[in-house]
Amino acid sequence: MTDTNQANSSERLATMINGYQAGALLYTAVKLDLPDRLLVPVTATDLAHELDLRVSELERFLHALAGLDICVQTAPETYVLTDTGQLLLRESDSPLREQAVLAVEQYWSSWTALSHSLVTGQTGFQHATGVDAWEYRRDHPEQGALFQDWLAKETRAIAADIIAYLDLSDVTTAVDIAAGGGTLAAAMLATNPQLTVTLFDLPHVIEHTRHELDLPPGQESRCHWTGGDFFSAVPGDAELYLLKSVLHDWDSEKCLEILGHCRTAMPGDARLLVIERLLSEDPVSDTLVARLDIHMMAVNGGRERRLVEYRDLLDRSGFSLHSVSNSKSGFTILEAVPS
């Protein structure tokens with residue numbers, strides 16, 4: 001290795017290792033609600049007095065945030081939010097504000113326990129908290145709401161792209177299984193006036209979604225809410241069933257249970273849409289999904305899968321894979337029908 005190559009490699013590795021620093025800065029900024037307080041230029045002194053913080057330390061912190069392009073210094077000790085920083089506002093459509101908090105409060109300890117997962121097969125999340133992620137969010141409602149708010153924004157950002165690949169013109173009834181924040185269902189209702197959608201999720205998730213999802217009157221009457229557990233049963237007799245970002249949360253045995261209950265509930269002429277990111281054979285060309293795969297291992301005990309693996313799960317559950325569509329947002333829509 002040449003000196004230049006070694007220097008470049010060292011710099012890349014150092015950037016990877018020090019990634020925790022940027023994450024901690026963003027987490028602290030969001031927890032202090034700094035983005036919303038920096039919408040207009042403000043001095044470190046005024047901001048420190050407002051938040052009961054030390055002026056010198058806060059000025060140093062804002063200087064570091066400016067290095068991340070979250071804010072910019074406009075005068076001595078005076079800072080204002082940048083366009084990048086606006087993605088962290090409370091009212092932003094971006095899920096990055098919620099993601100910054102989730103990363104530290106729910107994911108950080110899971111990832112630092114990866115060696116535990118590699119040795120035992122258990123999640124780092126359970127190792128750190130004593131319970132699985134779903135129990136934790138149920139028992140800590142504020143953390144559950146944070147996750148659902150992130151999921152709703154994340155889905156809203158790609159809903160239009162996914163729906164562009166769905167032919168719903170002849171569908172009148174659909175079930176969105178593990179609907180989360182309901183934003184995919186809302187987008188479907190908005191573009192298909194003939195459609196009625198049942199949102200199905202755990203009871204406490206449905207209660208949160210009913211409170212947070214704002215549907216116009218014409219769409220609200222076409223939205224039904226059902227609490228339950230897809231490891232027991234799912235609503236029956238619909239024409240279309242959706243599983244978006246569900247199967248990757250679970251191991252193969254659990255996926256077969258979920259798909260089995262879908263197959264039992266579905267009429268013979270119904271369709272199932274499995275919407276997931278596919279794992280590539282080449283991790284270098286698709287680092288996002290490769291890291292998501294490790295995230296599933298660390299947090300939920302699930303995994304990202306290749307197309308052949310999803311085909312196998314569907315075959316074993318009584319489905320035939322009918323078509324595969326790759327959306328621009330990176331999600332793949334697998335359409336299956338009862339075999």
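Author: Buried means under 20% relative accessible area and exposed over 50%, with partly exposed in between (1.4 Å probe, protein chains only). The model is predicted, so local features need pLDDT of at least 70 and side-chain atom pairs count only at pLDDT 80 or more, while totals for chains, interfaces and linings use all residues. Residues are numbered from 1 along each chain as its sequence is written, and side-chain values use heavy atoms, leaving out hydrogens and water.

Reader: What does Gln 106 count as, buried or exposed?

Author: Gln 106 has its place in helix 6 (residues 96-112); helices are DSSP runs of H or I with at least four residues and strands runs of E with at least two, numbered from the N terminus. Because its relative accessibility is 1%, Gln 106 counts as buried.

Reader: With the side chain of which residue does the side chain of Gln 106 make a polar contact?

Author: Leaving aside residues up to four places away in sequence, Gln 106 touches Val 101, Phe 125, Tyr 136, Arg 137, Gln 143 and Leu 146, contact meaning heavy atoms within 4.5 Å. At 2.8 Å, the polar contact made by the side chain of Gln 106 is with the side chain of Arg 137.

Reader: At what angle do helix 4 and helix 5 pack?

Author: Ala 44, Thr 45, Leu 47, Ala 48 and His 49 in helix 4 meet Val 55, Leu 58, Glu 59 and Leu 62 in helix 5. Helix 5 (residues 55-67) also lies across strand 2 and strand 3. The axes of helix 4 (residues 44-51) and helix 5 are 9 Å apart, and the two pack at an angle of about 115 degrees.

Reader: In strand 3, which residue is the bridge partner of Val 42?

Author: An open sheet of three strands has the order 1-3-2 with antiparallel pairing, where strands pair if DSSP finds at least two bridges between them. Strand 1 (42-43) and strand 2 (71-75) are the edge strands, each pairing on one side only. Two bridges join strand 1 to strand 3 (residues 78-81), and in strand 3 the bridge partner of Val 42 is Tyr 79.

Reader: Which residue in strand 5 does Ile 177 stand opposite?

Author: Five of the six residues of strand 5 (residues 196-201) are buried, so this strand is largely enclosed by the rest of the structure. Strand 4 (residues 173-177) and strand 5 run parallel and are joined by five bridges. In strand 5, the residue opposite Ile 177 is Phe 200.

Key: Axes fitted to C-alpha atoms, helices over the stretch in contact; angles between N-to-C directions. Polar contact = N/O pair within 3.5 Å; in protein donor to acceptor, adjacent residues only side chain to side chain.
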